[in-house]
Amino acid sequence: MRRCRNTIKSKGLLVSKEYVFQDKAISGSASVQSQRAGYNDLINAIKSKKNQSTSSG
């Protein structure tokens with residue numbers, strides 16, 4: 001997270017907190033993804049955005 005925040009700041013950008021997702025897991029192992037709240041929140045946000053863009057146009 002620190003690297004991401006530093007990169008964003010160095011480029012003069014802002015990211016809304018609603019688009020910041022984190023959890024303590026390091027790997028993207030499929031066997032533990034269902035237990036990763038931050039990962040699941042990210043996936044749900046992506047799915048929601050896809051549904052919004054396909055239903056509006």
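This is a predicted model: local features need pLDDT of at least 70, side-chain atom pairs count only at pLDDT 80 or more; totals for chains, interfaces and linings use all residues.
Student: OK, and how many helices and strands are in the protein chain?

Tutor: The chain has 2 helices and 0 strands.

Student: What share of the 57 residues is buried?

Tutor: Buried residues make up 4% of the 57.

Student: Let's look at H1, then. How many of its 9 residues are buried?

Tutor: The count is 0, so helix H1, residues 2–10, is hardly covered, given that buried means under 20% relative accessible area.

Student: Switching topic: how much space lies in the largest pocket?

Tutor: About 340 Å³.

Student: Which residues lie nearest its centre?

Tutor: Those are Met1, Arg5, Ile8, Val15 and Val20, out of 14 residues that line the pocket.

Student: How does that lining divide into nonpolar, polar and charged?

Tutor: The lining has 9 nonpolar residues, 1 polar and 4 charged.

Student: You mentioned Val15. Where does Val15 lie?

Tutor: Val15 is in the loop between H1 and helix H2, which covers 37–55. Val15 also belongs to a nonpolar surface patch of about 330 Å², made together with Met1, Tyr19 and Val20.

Student: Last one, Asp41. Where is its place?

Tutor: Asp41 sits in helix H2. Asp41 is partly exposed too, with a relative accessible area of 41%.

Student: What separates the C-alpha atoms of Asp41 and Tyr19?

Tutor: A distance of 9.6 Å, with the two residues 22 apart along the chain. Tyr19 is the patch member we met alongside Val15.

Notes. Residues are numbered from 1 along each chain as its sequence is written. Side-chain values use heavy atoms; hydrogens and water are left out. On a 1 Å grid over the protein atoms alone, a cavity is a set of points where a 1.4 Å probe fits but cannot get out, and a pocket is an open set with protein on both sides within 12 Å along at least five of seven lines; lining residues have an atom within 4 Å of a point. Grid points are joined across faces, edges and corners, and a volume is the space filled by probe spheres set on the points. Ala, Val, Leu, Ile, Met, Phe, Trp, Tyr, Cys and Pro count as nonpolar, Asp, Glu, Lys and Arg as charged, and the others, Gly among them, as polar. Buried means under 20% relative accessible area, exposed over 50%, partly exposed in between (1.4 Å probe, protein chains only). Helices (H or I, at least four residues) and strands (E, at least two) are DSSP runs, numbered from the N terminus. Patches are made of residues with over 30% relative accessible area and no salt bridge: like charges are joined within 9 Å, nonpolar side chains (Val, Leu, Ile, Met, Phe, Trp, Tyr) within 5 Å. Accessible areas come from the Shrake-Rupley method with a 1.4 Å probe; for residues, only the protein chains shown count as cover. A salt bridge is a side-chain nitrogen of Lys or Arg within 4 Å of a carboxyl oxygen of Asp or Glu.
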